[in-house]
Amino acid sequence: MRNKAINALLELGIPANTKGFLYITDAMEAIDENKGLQYKTYQLYEEIAKKYEGVTASKVERAIRHAFSEVTAYKNVEAAEKWLTLSGRMSNGNLLAILYIRLNREVE
């Protein structure tokens, strides 16, 4: 799952050197291990924060939001429609859930 997430994020144009990039890949792995986290965003942030010293759930949330904002800044519409969505609610939780669903669909 991690490698698929990395490939999707690079295709989306999210810079690999942002913390959010790392946290999103961690989120995809965590959701893959515990499907319930897909619907409990703050709990997901806490799980990710536990992996890193000095990181809080709110820092994880902010970094992920920043990473997703890179997608809209560079407007790679084709990749965004493939992996995320440009319509509807653009919250972190929604974007993480959509990304996870679409990554899983790639497996099948």
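In the predicted model, Tyr23 is buried, with a relative accessibility of 4%; buried denotes under 20% relative accessible area, exposed over 50%, and partly exposed the range in between (1.4 Å probe, protein chains only). Residues are numbered from 1 along each chain as its sequence is written, and side-chain values use heavy atoms, without hydrogens and water. Because the model is predicted, local features need pLDDT of at least 70 and side-chain atom pairs count only at pLDDT 80 or more, whereas totals for chains, interfaces and linings use all residues.

Two aromatic pairs are present in the structure, a pair being rings of Phe, Tyr and Trp (its six-membered ring) with centres within 6.5 Å, classed as stacked for planes under 30 degrees apart, edge-to-face over 60 and tilted for the rest. The ring centres of Tyr23 and Tyr52 lie 5.5 Å apart with planes at 55°, so this pair is tilted. The pair links distant parts of the chain, 29 residues apart: Tyr23 belongs to helix α2 (residues 19-33), while Tyr52 lies in the loop between α3 (41-50) and α4 (57-74). Helices are DSSP runs (H or I, at least four residues), numbered from the N terminus. Tyr52 is partly exposed, at 24% relative accessible area.

Tyr42 and Tyr45 form an edge-to-face aromatic pair, with 6.4 Å from centre to centre and 80° between the planes. These tyrosines, Tyr42 and Tyr45, are three residues apart in helix α3 and are therefore separated by about one helical turn. Tyr42 is partly exposed at 48% relative accessibility, whereas Tyr45 is buried, with a relative accessible area of 4%.

Terms used
Helices (H or I, at least four residues) and strands (E, at least two) are DSSP runs, numbered from the N terminus.
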